[in-house]
Amino acid sequence: MFRALFAEVDIDANGEYQDFRIAQPGYICLNCGAPAFDLAVVPEQMQADAEEDAGPAMAADILCPVCETMVQVGAEMECPNCGAPLEAA
């Protein structure tokens, strides 16, 4: 048996229990007192962390080395005027 460490409890004006929410996943074992976590949420959290770390693709304004046109580039693309390959450093 486990007890939630970070739970929010809703009560009405008379002090009667209404509902609860788990604010953060974290539990404590009622037998030994050891901390415990729900391992079922680990893959979802890892994916969410990876998406957060990836962030949006950066765009930069650079001059084309061939035709010297100001071009906004992402990861890699070609100059719209001359077709020269561009890389943002």
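The legends below refer to a predicted model.

**Figure 1. Nonpolar surface patch on strands 1 and 2.** Strand 2 contributes the most, three residues.

**Figure 2. Salt bridges of R21.** The whole structure contains two salt bridges. In one of them, the side chains of R21 and E8 meet at 3.1 Å, N to O. R21 belongs to strand 2 and E8 to strand 1, so this pair ties together parts that are 13 residues apart in sequence. R21 also forms a salt bridge with D10, where the closest N and O atoms are 2.8 Å apart. That pair links distant parts of the chain, with R21 in strand 2 and D10 in strand 1, eleven residues apart. Through shared partners, the salt bridges join E8, D10 and R21 into one network. Side chains of opposite charge can pair when their charged atoms come close. R21 counts as partly exposed because its relative accessibility is 39%. E8 is partly exposed as well, with a relative accessible area of 37%, and D10 counts as partly exposed at 27% relative accessibility.

Figure 3. Not counting residues up to four places away in sequence, D19 touches E8, V9 and D10. The C-alpha atoms of D19 and V9 are 6.0 Å apart, while the two residues are ten residues apart in sequence. D19 has a relative accessibility of 39% and therefore counts as partly exposed.

**Figure 4. Largest nonpolar core.** Six residues make up this core: C64, V71, V73, C79, A84 and L86. Leaving aside its neighbours within four places in sequence, C64 is in contact with T69, C79, C82, A84 and L86. Across the chain of 89 residues, 10% count as buried.

**Figure 5. Loop residue E68.** E68 is found in the loop between strand 4 (60–63) and strand 5 (70–73). Its phi is positive, about 55 degrees, although E68 is not a glycine. E68 is exposed because its relative accessible area is 61%, and exposed means over 50%.

**Figure 6. Helix 1 and its place in the chain.** The chain has one helix and seven strands, and from the N terminus on its elements run β-β-β-α-β-β-β-β. Helix 1 covers residues 42–54, 13 residues in total, and reaches 18 Å from its first C-alpha to its last. This span is close to the 18 Å expected at 1.5 Å a residue. Helix 1 is hardly covered, the count of buried residues among its 13 residues being zero. Among contacts in the chain with a separation of 6 or more, 14% are between residues 24 or more positions apart. The chain exposes about 7400 Å², of which carbon and sulfur atoms supply 55%.

Technical notes: Residues are numbered from 1 along each chain as its sequence is written. This is a predicted model: local features need pLDDT of at least 70, side-chain atom pairs count only at pLDDT 80 or more; totals for chains, interfaces and linings use all residues. Side-chain values use heavy atoms; hydrogens and water are left out. A nonpolar core is a set of buried Ala, Val, Leu, Ile, Met, Phe, Trp, Tyr and Cys residues joined through side-chain atoms within 4.5 Å. Buried means under 20% relative accessible area, exposed over 50%, partly exposed in between (1.4 Å probe, protein chains only). Contact means heavy atoms within 4.5 Å. Helices (H or I, at least four residues) and strands (E, at least two) are DSSP runs, numbered from the N terminus. The expected span of a helix is 1.5 Å times one less than its number of residues. Accessible areas come from the Shrake-Rupley method with a 1.4 Å probe; for residues, only the protein chains shown count as cover. A salt bridge is a side-chain nitrogen of Lys or Arg within 4 Å of a carboxyl oxygen of Asp or Glu.
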